[in-house]
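Visitor: Hi, I'm new to this one. Could you show it to me and walk me through it?

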Amino acid sequence: MQGIYNVLVKLSGVVLKSAGSFSPKLKEFTEGRKDLFSKLENEIDPEKEHLWIHAASLGEFEMAVPVLDMLKKKYPETRTVVSFFSPSGYKNKKKHPLVDHFTYLPLDSPSNAKKFLDIIQPKMAFFIKYDFWPNFLAELKKRETRTFLVSGVFRKDQAFFKAYGKWMLKSLNAFEHFFVQNEESATLLKRAGFENSTVGGDTRFDRVAAQIEADNRIQFIEDFKEDKMLVVLGSTWPEDEKLFIDFINRSVKIKFIIAPHEIKSEKIERLFSELKLPTIKYSEMKNKSLSDHSVLILDTIGLLGRAYSYADVAYVGGAAGTTGLHNILEPATFGIPIIIGENFSKFPEAERLRQLAGLFSVKNSTEFSAIMTKLYTNSEFRQKSGMIAGHFINSNTGATRILEEHL
């Protein structure tokens with residue numbers, strides 16, 4: 001089976017190059033890997049020790065941030081290398097104060113794995129959540145490199161636990177220890193013969209909890225909000241907008257900040273045209289009175305996390321359609337109630353917070369209006385829901401500390 005896998009990896013490299021002519025995303029995937037090894041050789045100092053952290057994409061990188069912070073403090077002389085599999089991760093994090101080198105991960109062939117590790121020579125390797133690559137893991141095992149899974153999640157339908165995936169299961173022997181998010185993952189590993197796991201939780205809780213201590217002030221949001229209730233609608237898609245546009249257009253006493261997930265001009269203009277209350281875009285607010293507007297569209301990136309600190313209620317996008325729910329933990333850390341769409345079955349943290357009554361799921365605009373009206377008119381209900389969300393974050397931190405104690 002592994003031989004077939006290696007042939008398929010090789011063929012995929014050829015197919016992806018051709019497919020790049022028809023798909024911008026696939027073109028980014030292949031173009032980003034051009035001259036990868038020569039770039040790494042020019043950047044990596046072989047005289048220095050390196051720690052390798054692999055994140056599939058941007059979401060996993062956010063999980064890696066508290067780990068990177070801990071590693072920088074624990075090993076200040078060691079340099080960090082972060083690899084991404086997807087272009088979305090690599091594009092958005094080309095610079096970060098905790099990362100010395102960003103790179104794409106080469107395709108998982110035996111020769112690529114050997115060459116990549118020959119260049120980096122990592123002292124330790126950390127895989128975030130998942131993205132298991134058998135040849136890379138086999139090469140790490142061969143070199144006896146200390147390798148850890150951080151905030152891992154295993155499901156019984158994964159190939160590891162099927163008859164045809166026994167050869168892949170062997171690759172997990174590369175891990176010195178598995179730090180997993182839940183008991184189900186630890187149980188699956190134990191049944192497969194791996195006793196070296198600890199339920200440590202999700203490092204994203206550590207990541208967002210640290211945001212409370214940061215400087216979250218944004219003067220223009222203070223000017224916009226004044227003393228009114230503020231609803232921040234973050235990472236929204238057109239499917240999400242169908243839920244809340246009607247309510248916004250009827251709510252003259254509430255302020256709204258909308259941060260669309262995609263800030264393409266045509267999509268921003270379409271959203272702008274559907275809003276009936278005085279609306280202003282971030283890109284056009286210079287020398288204008290913000291207090292005269294009811295809706296502010298953040299047609300920029302990098303401000304949403306701090307914007308949540310001013311919110312009385314948050315709506316988090318992605319679950320009204322099929323694109324995937326975005327980060328509910330960012331607003332929850334500020335102790336505010338959260339509303340999402342109905343498609344969140346693959347996001348256990350959302351289900352847990354919903355059961356606790358710190359999060360509310362809606363199927364349509366009528367349900368959105370109903371819960372928003374209750375949150376607006378019943379301040380005791382709003383404050384209690386927010387306290388539940390804040391406590392949910394505080395009671396689930398500590399995953400990074402558990403990892404550090406093992407190193």
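Guide: Gladly! Seven strands make an open sheet with parallel pairing, in the order 10-11-9-8-12-13-14. Strands are DSSP runs (E, at least two residues) and helices are H or I runs of at least four, numbered from the N terminus; two strands pair if DSSP finds at least two bridges between them. This is a predicted model, where local features need pLDDT of at least 70, side-chain atom pairs count only at pLDDT 80 or more, and totals for chains, interfaces and linings use all residues. Numbering starts from 1 along each chain as its sequence is written, and side-chain values use heavy atoms, leaving out hydrogens and water.

Visitor: Which strands are at the edges of the sheet?

Guide: Strand 10 (279-281) and strand 14 (359-361), each pairing on one side only.

Visitor: And how many bridges link strand 9 and strand 11?

Guide: Three, in the parallel sense, between residues 254-260 and residues 295-297. There, F256 stands opposite V295 of strand 11.

Visitor: New topic: which residues touch the most others in the largest nonpolar core?

Guide: F220, I328 and I340, out of 40 residues. Such a core is a set of buried Ala, Val, Leu, Ile, Met, Phe, Trp, Tyr and Cys residues joined through side-chain atoms within 4.5 Å; buried means under 20% relative accessible area, with a 1.4 Å probe and protein chains only. Another core, of 39 residues, lies apart from it and includes L36 and F116.

Visitor: What does F220 contact, leaving aside neighbours within four places in sequence?

Guide: Y282, M285, L290, L296, L298 and L303, with contact meaning heavy atoms within 4.5 Å.

Methods
Buried < 20%, exposed > 50% of the residue type's maximum accessible area, 1.4 Å probe, protein only.
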